[in-house]
Amino acid sequence: MKSFLFVMQIAAYDGAKVQEVLDQVLITAAFDQQVSLLLLDDAIYHLHKNQCSDKLANKDISAIYRSLQIYDIEHIYVEQESLSISGLTQDAMLIPVSLLKRQDVATTFKSFDFILSA
């Protein structure tokens, strides 16, 4: 089994790219691969509890994040500095996340076979 880390940096409702990456995450996990996510910068808003996607005429991605557990995707990392800069807290996240310090990102990358960025 290979390990995959999907790194997301783009805003939650910034075009079709987010949906495409989430589809890739689910497909990879469906083939019994070890999948983890790392959200940096504006991507941390993907997990904000109070999303208003209906006002943006976009599909609500929060349901996809809530379903990650079904696909055995257990490691969701949020960069601590991005969270601090946004003014959000870990309690504001839709699902349980692990905080990762910016200085530890490179070390974390080394523990995965494949890193895919969006």
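This is a predicted model: local features need pLDDT of at least 70, side-chain atom pairs count only at pLDDT 80 or more; totals for chains, interfaces and linings use all residues.
Student: Where does Asp41 lie, and what is its phi?

Tutor: Helices and strands are DSSP runs numbered from the N terminus, a helix being H or I with at least four residues and a strand being E with at least two. On that basis Asp41 lies in the loop between β2 and α2, and its phi is near 50°, a positive value in a residue other than glycine. Asp72, which is not a glycine either, has a positive phi of about 60°; it is found in the loop between α2 and β3 (75-79), and at 57% relative accessibility it counts as exposed.

Student: What pattern does the protein chain follow along the sequence?

Tutor: The protein chain has four helices and five strands, and read along the sequence they follow the pattern β-α-β-α-β-α-β-α-β. Of its 118 residues, 43% count as buried.

Student: What span should helix α1 have, and which of its residues are buried?

Tutor: The expected span of a helix is 1.5 Å times one less than its number of residues. For α1, with 14 residues (17-30), that should give 20 Å, and the end C-alpha atoms are 20 Å apart, which agrees. Its buried residues are Val18, Val21, Leu22, Val25, Leu26, Thr28 and Ala29. Seen down the axis of α1, these fall within an arc of 160°, so they line one face of the helix; the arc is that of the directions from the helix axis to the C-beta atoms. After α1 comes Asp32, whose phi is positive, near 55°.

Student: What covers the buried residues of α1?

Tutor: Contact means heavy atoms within 4.5 Å. The cover includes β1 (3-8), β2 (34-39) and α2 (62-66). Take Val25, which is buried with a relative accessible area of 0%: leaving aside residues up to four places away in sequence, Val25 touches Phe6, Val35, Leu37, Leu68 and Ile73.

Student: How many aromatic pairs are there?

Tutor: Rings of Phe, Tyr and Trp (its six-membered ring) pair if their centres lie within 6.5 Å, and planes under 30 degrees apart count as stacked, over 60 as edge-to-face and the rest as tilted. By this rule the count comes to two aromatic pairs. Phe4 and Phe6 form a stacked pair, with 6.5 Å centre to centre and 20° between the planes. The rings of Phe4 and Phe114 have their centres 4.9 Å apart and their planes at 20°, so that pair is stacked. The second pair links distant parts of the chain, with Phe4 in strand β1 and Phe114 in strand β5 (residues 114-117), 110 residues apart.

How values were computed
Residues are numbered from 1 along each chain as its sequence is written. Side-chain values use heavy atoms; hydrogens and water are left out. Buried means under 20% relative accessible area, exposed over 50%, partly exposed in between (1.4 Å probe, protein chains only).
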